[in-house]
Amino acid sequence: EQTLFGVIIEGIRPSCRVLQTNQRRYALVGATTQSLRQGQKVSVTGVERADLVNPCGRAFVVTAIKVDAHG
């Protein structure tokens with residue numbers, strides 16, 4: 001598992017939850033990601049899964065989310 005920090009940006013589809021980090025973009029996968037909204041600053045913990053095909057981008061399966069209350 002790893003933890004990523006970034007901001008939620010608009011995806012190519014309304015159902016996409018995309019995290020923009022300093023290094024790259026990740027398509028966040030998991031039931032807990034549906035509450036995330038564009039512009040939120042978050043840290044997500046989970047596992048990058050290059051083997052998962054996702055139209056939204058590089059898949060990152062989320063196990064925990066922390067939303068920055070100030071952003």
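Let's start at one end of a strand: Ile9 has Val18 in β2 as its bridge partner. This is a predicted model, so to speak of local features pLDDT has to be at least 70, side-chain atom pairs count only at pLDDT 80 or more, and totals for chains, interfaces and linings use all residues. Residues are numbered from 1 along each chain as its sequence is written, and side-chain values use heavy atoms, with hydrogens and water left out.

Strands here are DSSP runs (E, at least two residues), numbered from the N terminus, and two of them pair if DSSP finds at least two bridges between them. As background, strands of a sheet pair through backbone hydrogen bonds, either parallel or antiparallel.

Strand β1 (residues 2-9) runs antiparallel to β4 (residues 41-48), and six bridges join them. β1 is also joined to β2 (residues 18-20), again antiparallel, by three bridges. Here are some of the bridge partners:

| Residue | Bridge partner | Strand of the partner |
|---|---|---|
| Gln2 | Gly46 | β4 |
| Thr3 | Thr45 | β4 |
| Ile9 | Val18 | β2 |

**The aromatic pair**

Rings of Phe, Tyr and Trp (its six-membered ring) pair if their centres lie within 6.5 Å; planes under 30 degrees apart count as stacked, over 60 as edge-to-face and the rest as tilted. That rule gives one aromatic pair.

**The disulfide**

How many disulfides does the structure hold? There is one disulfide (a pair of cysteine sulfur atoms within 2.5 Å) in the structure. Cys16 and Cys56 form it, with their sulfur atoms 2.0 Å apart. This pair, too, links distant parts of the chain: Cys16 is in the loop between β1 and β2, Cys56 in the loop between β4 and β5, 40 residues apart. The disulfide is left-handed because the torsion about the S-S bond of Cys16 and Cys56 is about -75°. Cys16 has a relative accessible area of 5%, so it is buried.

Conventions: Helices (H or I, at least four residues) and strands (E, at least two) are DSSP runs, numbered from the N terminus. Buried means under 20% relative accessible area, exposed over 50%, partly exposed in between (1.4 Å probe, protein chains only).
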